Amino acid sequence: MKEVYLQDISKKYGKEETIKNLTLKVNKGEMISLLGPSGCGKTTTLKIIAGLVAADQGKVFIDGLAVDHLPTQKRGAVIVFQDHRLFPHMTVGGNIEFGLRMQRVPKEIRRKKVQEMLKFVGLQDHGGKFPGEISGGQKQRVAIARGLIVSPKVLLLDEPFSNLDQRLKEEMRNFIVDIQRKLKITTILVSHDKEDSLVTSSKIGVMFDGELKQYGTPEELYETPKTLEIARFFGEVNEIPIEKIDDVWVYTVLGIFPKIRALQTIEKSSKLLLRPEALVLSKEDKEAYGDRGVDGKIMNRIYAGEKTYYEFDVKGFRGKASVMGKGLWQIGDSVRVSTSEESMIVCE
Amino acid sequence: MEKRLSGMLFIILSLTFILPLVMVLIWSVTVSWPFPEIIPQELSLRGLREIFKPGSRALESLITSIRISLFVMILTLGITIPGGKALGIYQFPGKGFIKIFVLAPLIVSPVAVGMGIQGTFIRMGLTNTELGVTLIHIVPAIPYGVRIFTNIFELVGDEMEEQGKVLGAGSFQTFIHITLPTIRPGILSAGSMIFIISFSQYFLTFLIGGGRVQTFPLLMVPYIQSGDRMMAASYSLVFIAVALLALLIIEKMLRLYYSKNSGIAGVFYRRKQVKS
């Protein structure tokens, strides 16, 4: 069952098209993320769902109902903004209570629920503090608690992990994933960080320039991106020049590969991509790797702790491979570069 | 060196503000203070006594003045808060022009504005009435109110309001629970400014009130013009005191209103926390 359904949404600010024909389906209880560089229309999309911005074209459905004519407060979509937007004139408890007060929930029930919610987000000792008196991570929790307490049909998180340091970021990710699993609340998260999306979401929609370029599971996006742009967004890739394609084989600078798996759909105009970790470096040892590899030369070595990147040269082609640990080679060494068609990415 | 300079500046400024007040204070109890003498020669409380005599015209006009100024303040705030919000937050064609146009009453002399409106008020039967005076006082007050609220809204934006709506607050609820507390400093400064603008109006009151609506400045000005220094100073003293008092009361009332309106939850949780 789909909880949120955007049908062919477009929005222009002046002459600039912020969102172009966006169609998106989110199932009930699912957590998805919209991923893209800043200014690609992600936040505007959230605002359109919540009704803070009116779309020029298209329809928004929440829980099977068209909500385009409904004002924000009746849609049941809560946005937790990047900058928290806690009401400075209310305490933490007052902030969390706000939504219930607006619904005129009786005072006794309100207080009970606020106490429960404070406990749920681990802030039971901070209810009486003002927003200025708590830390950034705590503010984030308050902002989320304040949204959760009104039991929204859909929770919209606008860049929840930016402005946080690495440790806090991981803590926050776990917190959100945990809450989402416990409450099974339909959640749309907006982020510019691929890792945030990969770790938290069951589906990712990649947006560039106001268009939804691809929508699928994290694995699909990482392993079978539709375009070079998307592939690059999820990490470094080597673009392998194609020399020739015939009925059975694909000839590349890194060797000849059978037209199976990903390579089945390859065309002359396609791009053939390989992630650094899909390239295997070895000693020039034909026994172990057969004639699959090609000979190259190490041009540069970049040590990054858990792995080491090697830039190599094969017949004028400059590629990048990564190996676990510190690696065996130094600049100038000869090396055998091999790969397999299994890890190849073919895209437009 | 710098400290000394700022210290001196502080003294000079204090003197410029306080000395005239001291003079007013002295004059309000001085019957005669001829030229070569350094100190007043004859003191009396006649001036102040006259003003505070039960049933005096001064006291009556003071009450009228305060009543008018209060209504002007409320009405003008009611007009300029939405006006300032529109100019501060929303985008619409002609905004730049309207921003300047709103300041027109500051640029065009009140005589011109008053004369024009007087004709209309006569037809509507608003001249010589307190309502008419109240309405005309709004004119010079609007530019200040709009200006202050435009700046405030430009500063605070509508982000908090968006958040309120997203959490289920209707437009009116958002206004009461979020907008008003956010712009509280603006209400304080604009409110007191409007009060004082209205409280010190002489010409417009005279023009529309036709002498029938007796406000405090209306009684005060003839004394100043006729050179009765003691009476003029006494009136001035009361005038300043009332204006100051009004400022203090407005601030107190605002504080009370907000602590009542937004702090229920806050106070509750605060108490709870202290206990545990």
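A:Ser151 is classed as exposed because its relative accessibility is 58%, where exposed denotes over 50% relative accessible area, buried under 20% and partly exposed the range in between (1.4 Å probe, protein chains only). The residue is located in the loop between H4 and E7 of chain A, with helices (H or I, at least four residues) and strands (E, at least two) taken as DSSP runs numbered from the N terminus. Although A:Ser151 is not a glycine, its phi is positive, at about 45 degrees.

The model is predicted, so that local features need pLDDT of at least 70 and side-chain atom pairs count only at pLDDT 80 or more, whereas totals for chains, interfaces and linings use all residues. Residues are numbered from 1 along each chain as its sequence is written, chains are lettered from A and ligands numbered from 1 in the order in which they are written, and side-chain values use heavy atoms, with hydrogens and water left out.

Chain A contains nine helices and 21 strands, and its C-alpha trace spans about 80 × 45 × 35 Å along the principal axes. Of its 348 residues, 52% count as buried. Among the contacts in chain A with a separation of 6 or more, 66% join residues 24 or more positions apart, a contact being defined by heavy atoms within 4.5 Å. Chain B comprises 14 helices and two strands, and its C-alpha trace spans about 70 × 60 × 45 Å along the principal axes. Buried residues account for 41% of the 276 residues in chain B, and residues 24 or more positions apart supply 71% of the contacts with a separation of 6 or more in that chain.

Positive phi values also occur elsewhere in chain A. A:Asp8, a residue other than glycine, has a phi near 50 degrees and belongs to strand E1 (residues 2–13). With a relative accessible area of 32%, A:Asp8 is partly exposed.

Helix H4 (residues 136–148) and helix H5 (residues 166–183) of chain A pack with their axes 11 Å apart and at an angle of about 15 degrees; axes are lines fitted to C-alpha atoms, for helices over the stretch in contact, and angles between N-to-C directions run from 0 to 180 degrees. H4(A) and H5(A) are therefore roughly parallel, given that angles under 35 degrees count as roughly parallel, over 145 as roughly antiparallel, 65 to 115 as roughly perpendicular and the rest as oblique. The crossing of H4(A) past H5(A) is right-handed, meaning that the near helix is turned clockwise from the far one by less than a right angle (anticlockwise for left-handed). From H4(A), the contact involves A:Gly137, A:Gln140, A:Arg141, A:Ile144 and A:Leu148, and from H5(A), A:Leu168, A:Glu171, A:Met172, A:Phe175, A:Ile176, A:Ile179 and A:Leu183. This contact of H4(A) with H5(A) has eight nonpolar, two polar and two charged residues, with Ala, Val, Leu, Ile, Met, Phe, Trp, Tyr, Cys and Pro counted as nonpolar, Asp, Glu, Lys and Arg as charged, and the others, Gly among them, as polar.

The end C-alpha atoms of H5(A) are 26 Å apart, in agreement with the 26 Å that its 18 residues should span at 1.5 Å a residue; the expected span is 1.5 Å times one less than the number of residues. Buried residues of H5(A) include A:Leu168, A:Met172, A:Phe175, A:Ile176 and A:Ile179, together with A:Lys169 and A:Arg173. The buried residues of H5(A) pack against strands E3 (31–35), E7 (154–158) and E8 (186–191), and against helices H3 (107–120), H4 and H6 (194–200) of chain A.

In chain B, the axes of helix H7 (residues 130–156) and helix H10 (residues 184–199) come within 9 Å and cross at roughly 165 degrees. H7(B) is thus roughly antiparallel to H10(B), and H7(B) passes H10(B) in a right-handed crossing. By class, the residues of the contact of H7(B) with H10(B) comprise 11 nonpolar, five polar and no charged. H10(B), with 16 residues, reaches 22 Å from its first C-alpha to its last, close to the 22 Å expected. Among the buried residues of H10(B) are B:Gly186, B:Ile187, B:Ala190, B:Ile194 and B:Ile197.
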